[in-house]
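This report considers pockets, a helix crossing and aromatic pairing in turn. The sequence and the structure come before the discussion.

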Amino acid sequence: MLELRETSLAILANTNVESKVSHLANLFDEYQAGRIVVNLSSDLDSRNNCLPGRPLKPDLVAPKFVPKRKMDTVEGRAILWHSLAHIEFNAMNLALDAIWRFPNMPKAYYQDWLRVAKEESYHFSLINRHLQSFGFSYGDFPAHNSLWEMVERTADSVIARMALVPRTMEARGLDAVPEIRDRFKQIKDDRAVEILEIILHDEIGHVLVGNRWFNFLCANDKLSPIATYRELAERYCAPTLRGPFNFDAREQAGFTAEELELLESLGGKRGRVA
């Protein structure tokens, strides 16, 4: 039988986008059917792999060199969709990385991240198909690599990974997606709005997974989640949190009342964003 963590590493290393998505969907289905085992304790070796496996395109550049995303031209809207596709491609990879890299977590941890990986691959496919309706595909524009850089930075610590990738980097999507969705409502791109609603709904669950396992690890070691987050954010050079914040979505994603009050103190205003 296939083993979940080892197979996740192999899929992560796959450089072909279509093959990666297909193999991930198959892994999810096989696991749901009970035909995949999970080795919780094995220490896997990735030295023979270049991670993450990615196609030759897009070119990765500094954020300031990524083309401007303007809504008033077809190409500008395509650039926006391309940036979203790149985020979802990296999110799929980071979920696979969370599965293989960190041993000795409860079985439910690996099940959670397998579901996240499957949903992120679905988001990528939705976005790439919509991008193709503009006459472009994933890889046609440069992209930046900030999300994966934080994945690499937290490779030595599962608690840092949970704190700083889903709860920090991905949680920014909860704040940003409603604004992007509303811009497409204004130009009556109904399919774009539908896709972004799916993503926002699912991403709440993905950030909730990060919160669940961050708080689990804090409780195990009798750590204060807020003090621990601050210490990890400083140690791993996490981006500074800035408003506006989607408080409704963040509350649904498992942020506590105390955490939301701290966000409010950073300049975020209470109110419905989604």
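## Terms and basis

Helices (H or I, at least four residues) and strands (E, at least two) are DSSP runs, numbered from the N terminus. The model is a predicted one, in which local features need pLDDT of at least 70 and side-chain atom pairs count only at pLDDT 80 or more, while totals for chains, interfaces and linings use all residues. Residues are numbered from 1 along each chain as its sequence is written, and side-chain values use heavy atoms, with hydrogens and water left out.

## The largest pocket

A pocket, on a 1 Å grid over the protein atoms alone, is an open set of points where a 1.4 Å probe fits, with protein on both sides within 12 Å along at least five of seven lines, and its lining residues have an atom within 4 Å of a point. Grid points are joined across faces, edges and corners, and a volume is the space filled by probe spheres set on them.

At least two lining residues come from each of α3 (74-101), α4 (107-132), α5 (146-153), α6 (158-186) and α7 (190-220). Sorted by class (Ala, Val, Leu, Ile, Met, Phe, Trp, Tyr, Cys and Pro nonpolar; Asp, Glu, Lys and Arg charged; the others, Gly among them, polar), this lining has 19 nonpolar, eight polar and eight charged residues.

## The second largest pocket

The second largest pocket has a volume of about 400 Å³ and is lined by 17 residues, of which Tyr229, Arg230, Leu241, Leu263 and Leu266 lie nearest its centre. Both α8 (225-235) and α10 (257-265) supply at least two residues of this lining, and α8 gives the most, with five. The lining divides into eleven nonpolar, two polar and four charged residues.

## The crossing of α6 and α8

The axes of α6 and α8 (lines fitted to C-alpha atoms over the stretch in contact, with angles from 0 to 180 degrees between N-to-C directions) come within 10 Å and cross at roughly 90 degrees. That makes α6 roughly perpendicular to α8, a term covering angles of 65 to 115 degrees.

In the contact (heavy atoms within 4.5 Å), α6 contributes Ile159, Ala160, Ala163, Leu164, Arg167 and Thr168, while α8 contributes Thr228, Tyr229, Leu232 and Ala233. By class, seven of these residues are nonpolar, two polar and one charged.

## Aromatic pairing

The structure holds nine aromatic pairs, meaning rings of Phe, Tyr and Trp (its six-membered ring) whose centres lie within 6.5 Å. One of them joins Phe124 and Tyr138 at 5.3 Å centre to centre, with 90 degrees between the planes, and is edge-to-face, the term for planes over 60 degrees apart. Phe124 lies in helix α4 and Tyr138 in the loop between α4 and α5, so the pair ties together parts that are 14 residues apart in sequence.

Definitions and conventions. Parallel < 35°, antiparallel > 145°, perpendicular 65-115°, else oblique. Phe/Tyr/Trp six-rings, centres within 6.5 Å; stacked < 30°, edge-to-face > 60°.
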